[in-house]
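Please look over the sequence and the structure before reading on.

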Amino acid sequence: MAVPGSLNRYLLLMAQEHLEFRLPEIKSLLSLFGGQFINSQETYGKSPFWILNIPSEDIARNLMKRTVCAKSIFELWGHGKSPEELYTSLKNYPVEKMVPFLHSESTYKIKIHTFNKTLTQEEKVKRIDALEFLPFEGKVNLKKPQHVFSVLEDYGLDPNRIPETPHNIYFGRWIADGQRELIESYSVKKRHFIGNTSMDAGLSFIMANHAKVKENDVVFDPFVGTGGLLIASAHFGAYVCGTDIDYNTLHGLGKASRKNQKWRGPDENIRANLRQYGLEKFYLDVLVSDASKPSWRKGTYFDAIITDPPYGIRESTRRSGSQKEIPKGIEKCPESHVPVSLSYHLSDMFFDLLNFAAETLVLGGRLVYWLPVYTPEYTEEMVPWHPCLKLISNCEQKLSSHTARRLITMEKVKEFEDRDQYSHLLSDHFLPYQGHNSFREKYFSGVTKRIAKEEKSSQE
Ligand SMILES: C[S@@+](CC[C@H](N)C(=O)[O-])C[C@H]1O[C@@H](n2cnc3c(N)ncnc32)[C@H](O)[C@@H]1O
(Lines give C-alpha, C1' and ligand atoms only; values in the text may rest on other atoms or scores of the structure.)
Protein backbone atom coordinates (compact mmCIF):
# COMPACT_ATOMS: atom_id res chain seq x y z
CA MET A 1 0.00 0.00 0.00
CA ALA A 2 1.08 3.58 -0.54
CA VAL A 3 3.36 4.82 2.19
CA PRO A 4 2.27 8.37 3.05
CA GLY A 5 4.78 10.89 1.78
CA SER A 6 6.32 8.58 -0.81
CA LEU A 7 5.50 8.77 -4.50
CA ASN A 8 3.89 5.86 -6.25
CA ARG A 9 3.85 5.33 -9.97
CA TYR A 10 0.45 5.35 -11.61
CA LEU A 11 -0.66 4.71 -15.15
CA LEU A 12 -3.38 6.94 -16.53
CA LEU A 13 -5.35 5.72 -19.51
CA MET A 14 -6.36 8.91 -21.29
CA ALA A 15 -9.29 9.47 -23.67
CA GLN A 16 -8.19 10.24 -27.23
CA GLU A 17 -10.28 13.40 -27.50
CA HIS A 18 -9.44 17.08 -26.87
CA LEU A 19 -5.77 16.09 -26.67
CA GLU A 20 -4.41 19.54 -25.79
CA PHE A 21 -6.80 19.96 -22.89
CA ARG A 22 -5.70 16.80 -21.11
CA LEU A 23 -2.44 17.86 -19.46
CA PRO A 24 -3.79 21.15 -18.02
CA GLU A 25 -6.81 19.24 -16.70
CA ILE A 26 -4.70 16.64 -14.91
CA LYS A 27 -2.27 19.28 -13.58
CA SER A 28 -5.12 21.47 -12.32
CA LEU A 29 -6.85 18.59 -10.58
CA LEU A 30 -3.66 17.32 -8.99
CA SER A 31 -2.91 20.76 -7.60
CA LEU A 32 -6.53 21.01 -6.37
CA PHE A 33 -6.11 17.78 -4.41
CA GLY A 34 -2.67 18.54 -3.02
CA GLY A 35 -0.63 16.38 -5.35
CA GLN A 36 1.93 18.27 -7.35
CA PHE A 37 2.25 17.18 -10.95
CA ILE A 38 5.38 15.02 -11.33
CA ASN A 39 5.64 13.05 -14.53
CA SER A 40 7.90 10.09 -14.91
CA GLN A 41 7.66 9.87 -18.66
CA GLU A 42 9.62 12.07 -21.03
CA THR A 43 6.62 13.28 -22.95
CA TYR A 44 2.92 12.49 -23.08
CA GLY A 45 2.28 13.75 -26.59
CA LYS A 46 -0.74 12.12 -28.15
CA SER A 47 -0.35 8.81 -26.36
CA PRO A 48 -3.25 7.50 -24.27
CA PHE A 49 -0.78 6.00 -21.76
CA TRP A 50 0.66 8.38 -19.18
CA ILE A 51 2.91 7.38 -16.31
CA LEU A 52 2.94 9.85 -13.43
CA ASN A 53 3.89 10.00 -9.79
CA ILE A 54 1.20 10.69 -7.22
CA PRO A 55 1.75 10.86 -3.45
CA SER A 56 -1.21 8.71 -2.43
CA GLU A 57 -4.01 6.49 -3.68
CA ASP A 58 -6.52 8.93 -2.13
CA ILE A 59 -5.25 11.68 -4.39
CA ALA A 60 -5.45 9.33 -7.38
CA ARG A 61 -9.08 8.50 -6.48
CA ASN A 62 -9.98 12.18 -6.05
CA LEU A 63 -8.45 12.93 -9.42
CA MET A 64 -10.67 10.29 -11.03
CA LYS A 65 -13.81 11.65 -9.34
CA ARG A 66 -13.27 14.76 -11.45
CA THR A 67 -11.45 14.05 -14.70
CA VAL A 68 -13.30 13.77 -17.99
CA CYS A 69 -10.02 13.51 -19.94
CA ALA A 70 -8.82 10.29 -18.29
CA LYS A 71 -10.66 6.99 -18.56
CA SER A 72 -8.97 4.96 -15.80
CA ILE A 73 -6.05 4.94 -13.41
CA PHE A 74 -3.90 1.98 -12.38
CA GLU A 75 -1.23 1.53 -9.75
CA LEU A 76 1.67 0.64 -12.01
CA TRP A 77 3.41 -2.59 -11.04
CA GLY A 78 5.47 -3.09 -14.18
CA HIS A 79 6.27 -1.66 -17.58
CA GLY A 80 8.40 -2.76 -20.54
CA LYS A 81 8.91 -2.49 -24.27
CA SER A 82 8.62 -6.28 -24.66
CA PRO A 83 6.98 -9.06 -22.62
CA GLU A 84 10.43 -9.96 -21.22
CA GLU A 85 11.05 -6.40 -20.08
CA LEU A 86 7.62 -6.28 -18.48
CA TYR A 87 8.22 -9.54 -16.58
CA THR A 88 11.62 -8.34 -15.33
CA SER A 89 10.06 -5.10 -14.19
CA LEU A 90 7.26 -7.00 -12.39
CA LYS A 91 9.81 -9.23 -10.67
CA ASN A 92 11.48 -6.08 -9.34
CA TYR A 93 8.23 -4.66 -7.94
CA PRO A 94 8.34 -5.04 -4.13
CA VAL A 95 6.42 -8.17 -3.06
CA GLU A 96 5.21 -6.43 0.11
CA LYS A 97 3.34 -3.98 -2.12
CA MET A 98 1.68 -6.85 -4.01
CA VAL A 99 0.76 -9.17 -1.15
CA PRO A 100 -2.22 -7.15 0.27
CA PHE A 101 -3.98 -7.69 -3.05
CA LEU A 102 -2.94 -11.26 -3.83
CA HIS A 103 -3.36 -13.16 -0.55
CA SER A 104 -5.41 -16.36 -0.28
CA GLU A 105 -8.55 -14.64 1.06
CA SER A 106 -8.77 -12.28 -1.89
CA THR A 107 -10.60 -12.56 -5.22
CA TYR A 108 -9.29 -11.10 -8.45
CA LYS A 109 -9.59 -10.84 -12.20
CA ILE A 110 -7.07 -9.97 -14.93
CA LYS A 111 -8.16 -7.93 -17.94
CA ILE A 112 -6.33 -7.30 -21.20
CA HIS A 113 -6.61 -3.87 -22.76
CA THR A 114 -5.12 -3.09 -26.15
CA PHE A 115 -4.80 0.22 -27.94
CA ASN A 116 -4.89 0.20 -31.76
CA LYS A 117 -5.15 -3.60 -32.07
CA THR A 118 -7.73 -6.28 -31.30
CA LEU A 119 -6.58 -9.59 -29.82
CA THR A 120 -8.33 -12.93 -30.08
CA GLN A 121 -9.61 -14.59 -26.92
CA GLU A 122 -6.82 -17.16 -27.30
CA GLU A 123 -4.15 -14.44 -27.43
CA LYS A 124 -5.63 -12.81 -24.35
CA VAL A 125 -5.57 -16.05 -22.39
CA LYS A 126 -1.90 -16.51 -23.36
CA ARG A 127 -1.08 -13.10 -21.91
CA ILE A 128 -2.81 -14.00 -18.65
CA ASP A 129 -1.13 -17.43 -18.40
CA ALA A 130 2.28 -15.80 -18.86
CA LEU A 131 1.76 -13.96 -15.56
CA GLU A 132 1.77 -17.21 -13.57
CA PHE A 133 5.01 -16.25 -11.85
CA LEU A 134 3.20 -13.49 -9.89
CA PRO A 135 2.32 -14.61 -6.36
CA PHE A 136 -1.46 -14.78 -6.92
CA GLU A 137 -2.95 -16.83 -4.07
CA GLY A 138 -6.55 -15.64 -4.19
CA LYS A 139 -9.44 -16.99 -6.24
CA VAL A 140 -10.40 -15.81 -9.69
CA ASN A 141 -13.82 -14.13 -9.70
CA LEU A 142 -14.87 -12.75 -13.05
CA LYS A 143 -18.16 -11.20 -11.91
CA LYS A 144 -17.39 -9.36 -8.68
CA PRO A 145 -13.67 -9.48 -7.93
CA GLN A 146 -12.16 -7.50 -5.06
CA HIS A 147 -9.18 -6.57 -7.17
CA VAL A 148 -8.88 -6.03 -10.90
CA PHE A 149 -5.50 -6.16 -12.65
CA SER A 150 -4.87 -5.10 -16.21
CA VAL A 151 -2.33 -5.78 -18.91
CA LEU A 152 -2.32 -2.79 -21.24
CA GLU A 153 -0.66 -3.04 -24.63
CA ASP A 154 0.13 0.00 -26.73
CA TYR A 155 0.34 -0.52 -30.51
CA GLY A 156 0.95 3.13 -31.32
CA LEU A 157 -1.24 5.79 -32.84
CA ASP A 158 -1.19 4.92 -36.53
CA PRO A 159 -4.14 2.67 -37.53
CA ASN A 160 -2.50 2.15 -40.95
CA ARG A 161 0.74 0.83 -39.50
CA ILE A 162 -0.09 -1.48 -36.64
CA PRO A 163 3.07 -3.25 -35.46
CA GLU A 164 3.23 -7.00 -34.84
CA THR A 165 4.33 -6.48 -31.23
CA PRO A 166 3.34 -3.60 -28.93
CA HIS A 167 5.57 -0.54 -28.39
CA ASN A 168 4.87 -0.67 -24.66
CA ILE A 169 3.25 -3.09 -22.23
CA TYR A 170 2.01 -2.13 -18.77
CA PHE A 171 0.68 -4.12 -15.84
CA GLY A 172 -1.19 -2.47 -13.01
CA ARG A 173 -3.84 -2.69 -10.34
CA TRP A 174 -7.01 -0.87 -11.38
CA ILE A 175 -7.86 1.93 -8.95
CA ALA A 176 -10.75 3.90 -10.45
CA ASP A 177 -12.44 5.13 -13.61
CA GLY A 178 -12.86 8.80 -14.56
CA GLN A 179 -16.04 10.71 -15.27
CA ARG A 180 -16.44 10.13 -19.01
CA GLU A 181 -20.08 9.14 -18.50
CA LEU A 182 -20.88 12.77 -17.58
CA ILE A 183 -20.46 13.66 -21.25
CA GLU A 184 -23.48 11.50 -22.05
CA SER A 185 -25.60 12.13 -18.97
CA TYR A 186 -25.25 15.93 -19.32
CA SER A 187 -25.48 15.92 -23.13
CA VAL A 188 -26.95 19.12 -24.56
CA LYS A 189 -29.19 16.92 -26.73
CA LYS A 190 -31.18 15.87 -23.68
CA ARG A 191 -31.09 19.25 -21.92
CA HIS A 192 -34.28 21.13 -21.10
CA PHE A 193 -33.15 24.63 -22.13
CA ILE A 194 -30.57 25.13 -24.87
CA GLY A 195 -29.49 27.84 -27.31
CA ASN A 196 -27.47 27.99 -30.53
CA THR A 197 -24.22 28.35 -28.61
CA SER A 198 -24.84 26.10 -25.58
CA MET A 199 -21.47 24.73 -24.53
CA ASP A 200 -20.83 21.03 -25.14
CA ALA A 201 -21.00 19.03 -21.90
CA GLY A 202 -17.50 17.52 -22.12
CA LEU A 203 -15.85 20.90 -22.67
CA SER A 204 -17.89 22.47 -19.86
CA PHE A 205 -16.53 19.89 -17.42
CA ILE A 206 -12.99 20.38 -18.74
CA MET A 207 -13.35 24.14 -18.20
CA ALA A 208 -14.59 23.64 -14.62
CA ASN A 209 -11.60 21.36 -14.01
CA HIS A 210 -9.12 23.85 -15.49
CA ALA A 211 -10.73 26.41 -13.15
CA LYS A 212 -10.17 24.09 -10.15
CA VAL A 213 -13.81 24.51 -9.12
CA LYS A 214 -14.53 22.91 -5.76
CA GLU A 215 -17.42 22.51 -3.31
CA ASN A 216 -18.90 25.76 -1.95
CA ASP A 217 -17.05 27.93 -4.46
CA VAL A 218 -18.89 30.81 -6.09
CA VAL A 219 -18.57 30.63 -9.88
CA PHE A 220 -19.61 33.41 -12.26
CA ASP A 221 -20.19 33.49 -16.03
CA PRO A 222 -20.52 37.06 -17.40
CA PHE A 223 -21.72 35.75 -20.81
CA VAL A 224 -23.95 33.08 -19.36
CA GLY A 225 -26.33 32.33 -22.28
CA THR A 226 -28.21 29.14 -21.39
CA GLY A 227 -25.88 28.46 -18.46
CA GLY A 228 -24.05 25.45 -19.88
CA LEU A 229 -20.90 26.37 -17.97
CA LEU A 230 -22.76 26.89 -14.71
CA ILE A 231 -24.15 23.36 -14.85
CA ALA A 232 -20.69 21.76 -14.83
CA SER A 233 -19.55 23.91 -11.89
CA ALA A 234 -22.75 23.16 -9.94
CA HIS A 235 -22.17 19.44 -10.54
CA PHE A 236 -18.87 19.86 -8.68
CA GLY A 237 -20.68 21.56 -5.77
CA ALA A 238 -20.16 25.25 -6.58
CA TYR A 239 -22.81 27.97 -6.24
CA VAL A 240 -23.34 29.61 -9.61
CA CYS A 241 -24.49 32.92 -11.07
CA GLY A 242 -24.21 34.81 -14.34
CA THR A 243 -25.16 37.72 -16.54
CA ASP A 244 -26.16 38.08 -20.17
CA ILE A 245 -27.07 41.09 -22.25
CA ASP A 246 -29.91 39.20 -23.91
CA TYR A 247 -33.19 39.55 -22.00
CA ASN A 248 -34.91 36.92 -24.13
CA THR A 249 -32.28 34.28 -23.45
CA LEU A 250 -32.35 34.76 -19.69
CA HIS A 251 -36.14 34.85 -19.60
CA GLY A 252 -36.49 31.87 -21.92
CA LEU A 253 -38.45 33.87 -24.50
CA GLY A 254 -38.35 34.00 -28.27
CA LYS A 255 -37.49 31.37 -30.84
CA ALA A 256 -36.52 27.88 -29.75
CA SER A 257 -33.17 26.42 -30.82
CA ARG A 258 -34.54 22.90 -31.24
CA LYS A 259 -35.79 21.52 -34.49
CA ASN A 260 -39.56 20.94 -34.54
CA GLN A 261 -40.17 23.62 -31.90
CA LYS A 262 -40.98 27.19 -32.88
CA TRP A 263 -41.05 29.09 -29.57
CA ARG A 264 -39.41 28.49 -26.23
CA GLY A 265 -41.63 26.81 -23.64
CA PRO A 266 -42.77 28.34 -20.32
CA ASP A 267 -40.01 26.94 -18.10
CA GLU A 268 -36.99 27.21 -20.40
CA ASN A 269 -34.42 28.88 -18.20
CA ILE A 270 -31.16 28.23 -16.38
CA ARG A 271 -32.80 27.43 -13.04
CA ALA A 272 -34.88 24.71 -14.74
CA ASN A 273 -31.72 23.28 -16.32
CA LEU A 274 -30.09 22.97 -12.91
CA ARG A 275 -33.29 21.42 -11.55
CA GLN A 276 -33.14 18.81 -14.34
CA TYR A 277 -29.84 17.55 -12.89
CA GLY A 278 -30.85 17.88 -9.22
CA LEU A 279 -28.57 20.91 -8.82
CA GLU A 280 -31.12 23.69 -8.18
CA LYS A 281 -29.77 24.38 -4.69
CA PHE A 282 -26.56 25.67 -6.31
CA TYR A 283 -28.40 28.34 -8.33
CA LEU A 284 -27.70 31.84 -6.99
CA ASP A 285 -29.20 33.97 -9.78
CA VAL A 286 -28.75 35.41 -13.25
CA LEU A 287 -29.11 39.04 -14.27
CA VAL A 288 -29.63 40.86 -17.56
CA SER A 289 -26.51 42.98 -17.69
CA ASP A 290 -23.83 44.18 -20.08
CA ALA A 291 -20.39 42.72 -19.38
CA SER A 292 -18.77 45.92 -20.64
CA LYS A 293 -20.43 47.81 -17.75
CA PRO A 294 -20.30 45.49 -14.74
CA SER A 295 -22.75 46.44 -12.04
CA TRP A 296 -20.80 44.96 -9.13
CA ARG A 297 -19.55 46.88 -6.11
CA LYS A 298 -15.79 46.65 -5.59
CA GLY A 299 -14.90 43.35 -3.97
CA THR A 300 -13.55 39.85 -4.51
CA TYR A 301 -16.63 37.68 -4.88
CA PHE A 302 -15.72 34.83 -7.15
CA ASP A 303 -13.58 31.72 -6.79
CA ALA A 304 -13.75 31.22 -10.53
CA ILE A 305 -14.97 33.01 -13.64
CA ILE A 306 -15.69 30.56 -16.45
CA THR A 307 -17.02 31.93 -19.69
CA ASP A 308 -17.46 31.67 -23.43
CA PRO A 309 -17.68 35.24 -24.75
CA PRO A 310 -19.44 35.90 -28.06
CA TYR A 311 -17.24 35.96 -31.18
CA GLY A 312 -19.93 37.25 -33.51
CA ILE A 313 -20.26 33.96 -35.41
CA ARG A 314 -23.50 32.51 -34.10
CA GLU A 315 -24.32 35.44 -31.79
CA SER A 316 -23.44 39.11 -32.06
CA THR A 317 -20.81 40.87 -29.99
CA ARG A 318 -22.86 43.76 -28.66
CA ARG A 319 -22.72 46.07 -25.74
CA SER A 320 -25.11 48.71 -24.59
CA GLY A 321 -24.34 52.34 -25.33
CA SER A 322 -25.30 55.44 -27.19
CA GLN A 323 -24.60 55.65 -30.91
CA LYS A 324 -22.14 58.43 -30.29
CA GLU A 325 -19.48 56.56 -28.44
CA ILE A 326 -18.56 58.56 -25.36
CA PRO A 327 -15.08 57.93 -23.96
CA LYS A 328 -15.01 55.64 -20.94
CA GLY A 329 -15.08 57.38 -17.57
CA ILE A 330 -17.17 60.42 -18.54
CA GLU A 331 -20.22 58.42 -19.49
CA LYS A 332 -23.42 59.37 -17.69
CA CYS A 333 -26.83 58.11 -18.71
CA PRO A 334 -29.92 60.11 -17.82
CA GLU A 335 -32.48 57.89 -16.06
CA SER A 336 -34.85 57.98 -19.01
CA HIS A 337 -32.12 56.86 -21.42
CA VAL A 338 -32.69 53.52 -23.07
CA PRO A 339 -29.32 52.29 -24.31
CA VAL A 340 -29.07 51.17 -27.90
CA SER A 341 -26.46 48.64 -28.76
CA LEU A 342 -23.01 49.21 -30.15
CA SER A 343 -20.65 46.67 -31.57
CA TYR A 344 -18.25 45.36 -28.95
CA HIS A 345 -14.73 44.91 -30.32
CA LEU A 346 -13.18 41.61 -29.34
CA SER A 347 -10.04 43.22 -27.94
CA ASP A 348 -12.14 45.55 -25.73
CA MET A 349 -14.20 42.60 -24.60
CA PHE A 350 -11.15 40.61 -23.48
CA PHE A 351 -9.57 43.69 -21.93
CA ASP A 352 -12.79 44.23 -19.89
CA LEU A 353 -12.96 40.55 -18.99
CA LEU A 354 -9.38 40.39 -17.68
CA ASN A 355 -9.83 43.60 -15.67
CA PHE A 356 -13.10 42.33 -14.27
CA ALA A 357 -11.48 39.00 -13.28
CA ALA A 358 -8.51 40.79 -11.72
CA GLU A 359 -10.88 42.92 -9.63
CA THR A 360 -13.44 40.33 -8.56
CA LEU A 361 -11.60 37.01 -8.24
CA VAL A 362 -10.22 35.91 -4.89
CA LEU A 363 -6.45 35.53 -4.80
CA GLY A 364 -5.68 32.12 -6.36
CA GLY A 365 -9.04 32.16 -8.18
CA ARG A 366 -9.06 31.26 -11.87
CA LEU A 367 -10.40 32.80 -15.04
CA VAL A 368 -11.11 30.27 -17.82
CA TYR A 369 -12.33 31.58 -21.16
CA TRP A 370 -12.27 30.99 -24.92
CA LEU A 371 -10.27 33.29 -27.15
CA PRO A 372 -11.14 33.11 -30.88
CA VAL A 373 -8.16 33.33 -33.22
CA TYR A 374 -7.51 33.44 -36.92
CA THR A 375 -4.89 30.69 -37.10
CA PRO A 376 -2.70 32.01 -39.96
CA GLU A 377 -2.04 35.16 -37.92
CA TYR A 378 -2.06 33.74 -34.40
CA THR A 379 1.02 34.10 -32.21
CA GLU A 380 1.35 33.49 -28.48
CA GLU A 381 1.92 37.21 -27.95
CA MET A 382 -1.71 37.78 -28.86
CA VAL A 383 -3.04 36.18 -25.70
CA PRO A 384 -4.33 39.07 -23.56
CA TRP A 385 -2.26 39.80 -20.51
CA HIS A 386 -2.89 41.38 -17.09
CA PRO A 387 -0.45 42.16 -14.25
CA CYS A 388 -2.73 40.43 -11.70
CA LEU A 389 -3.28 37.26 -13.73
CA LYS A 390 -0.77 34.53 -14.50
CA LEU A 391 -1.26 32.43 -17.63
CA ILE A 392 -1.65 28.78 -16.60
CA SER A 393 -2.55 27.12 -19.88
CA ASN A 394 -3.50 27.90 -23.46
CA CYS A 395 -5.01 25.07 -25.56
CA GLU A 396 -6.27 25.13 -29.10
CA GLN A 397 -9.52 23.74 -30.46
CA LYS A 398 -9.81 24.02 -34.24
CA LEU A 399 -13.04 25.51 -35.60
CA SER A 400 -12.26 25.54 -39.30
CA SER A 401 -9.22 25.38 -41.58
CA HIS A 402 -8.34 28.99 -40.67
CA THR A 403 -9.90 29.60 -37.30
CA ALA A 404 -9.64 28.20 -33.84
CA ARG A 405 -10.58 29.05 -30.32
CA ARG A 406 -8.11 28.80 -27.51
CA LEU A 407 -9.03 27.82 -24.00
CA ILE A 408 -7.14 30.26 -21.77
CA THR A 409 -6.70 29.61 -18.06
CA MET A 410 -5.32 32.35 -15.82
CA GLU A 411 -4.84 32.53 -12.07
CA LYS A 412 -5.06 35.65 -9.92
CA VAL A 413 -1.66 36.10 -8.32
CA LYS A 414 -1.78 39.72 -7.16
CA GLU A 415 -4.41 41.98 -5.63
CA PHE A 416 -5.86 44.51 -8.05
CA GLU A 417 -4.80 48.15 -7.74
CA ASP A 418 -6.38 50.99 -9.73
CA ARG A 419 -3.20 51.50 -11.73
CA ASP A 420 -3.42 47.92 -13.03
CA GLN A 421 -6.47 48.80 -15.08
CA TYR A 422 -4.58 50.23 -18.03
CA SER A 423 -1.25 48.42 -17.70
CA HIS A 424 -2.18 46.12 -20.58
CA LEU A 425 -1.72 49.15 -22.85
CA LEU A 426 1.98 49.02 -22.02
CA SER A 427 2.17 45.34 -22.85
CA ASP A 428 3.35 43.86 -26.12
CA HIS A 429 0.22 41.67 -26.03
CA PHE A 430 -2.26 44.48 -26.49
CA LEU A 431 -1.51 45.49 -30.05
CA PRO A 432 -1.38 42.05 -31.67
CA TYR A 433 -4.87 41.07 -30.52
CA GLN A 434 -6.26 44.34 -31.90
CA GLY A 435 -5.76 42.76 -35.31
CA HIS A 436 -8.30 40.12 -34.33
CA ASN A 437 -11.22 42.50 -34.24
CA SER A 438 -12.12 41.38 -37.70
CA PHE A 439 -12.25 37.72 -36.57
CA ARG A 440 -15.83 37.44 -37.87
CA GLU A 441 -14.91 38.54 -41.39
CA LYS A 442 -11.87 36.29 -41.37
CA TYR A 443 -13.96 33.36 -40.13
CA PHE A 444 -16.47 33.72 -42.92
CA SER A 445 -13.83 34.38 -45.56
CA GLY A 446 -12.08 31.20 -44.44
CA VAL A 447 -15.31 29.24 -44.65
CA THR A 448 -16.16 30.73 -48.02
CA LYS A 449 -12.74 29.85 -49.38
CA ARG A 450 -12.98 26.30 -48.07
CA ILE A 451 -16.43 25.71 -49.52
CA ALA A 452 -15.25 27.08 -52.87
CA LYS A 453 -12.23 24.77 -52.75
CA GLU A 454 -14.32 21.73 -51.79
CA GLU A 455 -16.81 22.48 -54.57
CA LYS A 456 -14.00 22.83 -57.06
CA SER A 457 -12.33 19.56 -56.06
CA SER A 458 -15.67 17.67 -56.17
CA GLN A 459 -16.19 18.90 -59.75
CA GLU A 460 -12.76 17.76 -60.88
C1 LIG B 1 -21.18 32.04 -26.73
S2 LIG B 1 -22.61 32.58 -25.93
C3 LIG B 1 -22.49 31.78 -24.36
C4 LIG B 1 -23.14 30.44 -24.37
C5 LIG B 1 -23.19 29.79 -23.02
N6 LIG B 1 -21.86 29.35 -22.59
C7 LIG B 1 -24.15 28.61 -23.02
O8 LIG B 1 -23.75 27.49 -22.64
O9 LIG B 1 -25.30 28.80 -23.42
C10 LIG B 1 -22.27 34.25 -25.57
C11 LIG B 1 -23.36 34.98 -24.84
O12 LIG B 1 -22.90 36.30 -24.57
C13 LIG B 1 -24.00 37.16 -24.59
N14 LIG B 1 -23.48 38.54 -24.78
C15 LIG B 1 -23.13 39.17 -25.93
N16 LIG B 1 -22.67 40.41 -25.66
C17 LIG B 1 -22.76 40.55 -24.31
C18 LIG B 1 -22.44 41.61 -23.41
N19 LIG B 1 -21.95 42.77 -23.86
N20 LIG B 1 -22.63 41.42 -22.09
C21 LIG B 1 -23.14 40.25 -21.63
N22 LIG B 1 -23.49 39.22 -22.42
C23 LIG B 1 -23.29 39.37 -23.74
C24 LIG B 1 -24.85 36.65 -25.75
O25 LIG B 1 -26.19 37.05 -25.58
C26 LIG B 1 -24.67 35.13 -25.61
O27 LIG B 1 -25.71 34.57 -24.85
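Does Cys 69 count as buried or exposed? Cys 69 counts as buried because its relative accessibility is 1%, where buried means under 20% relative accessible area, exposed over 50% and partly exposed in between (1.4 Å probe, protein chains only). The model is predicted: local features need pLDDT of at least 70, side-chain atom pairs count only at pLDDT 80 or more, and totals for chains, interfaces and linings use all residues. Residues are numbered from 1 along each chain as its sequence is written, and side-chain values use heavy atoms, with hydrogens and water left out.

**Cysteines**
- There are zero disulfides in the structure, a disulfide being a pair of cysteine sulfur atoms within 2.5 Å.
- The closest cysteine sulfur to that of Cys 69 belongs to Cys 395 and is 9.1 Å away, too far for a bond.
- Cys 241 also counts as buried, at 8% relative accessibility.

**Aromatic rings**
- The count of aromatic pairs is 27; rings of Phe, Tyr and Trp (its six-membered ring) pair if their centres lie within 6.5 Å, and planes under 30 degrees apart count as stacked, over 60 as edge-to-face and the rest as tilted.
- Phe 149 and Phe 171 are stacked, because their ring centres are 6.0 Å apart and their planes are at 5°.
- Both Phe 149 and Phe 171 are buried.
- One aromatic cluster is formed by Trp 77, Tyr 93, Phe 101, Tyr 108, Phe 136, Phe 149 and Phe 171.

**Charges over rings**
- The charged end of Arg 173 sits over the ring of Phe 101, 3.7 Å from the ring centre; the rule asks for NZ of Lys or CZ of Arg within 6 Å of the ring centre and within 35 degrees of the ring normal.
- Arg 66 lies over the face of Phe 236, 3.7 Å from the ring centre.
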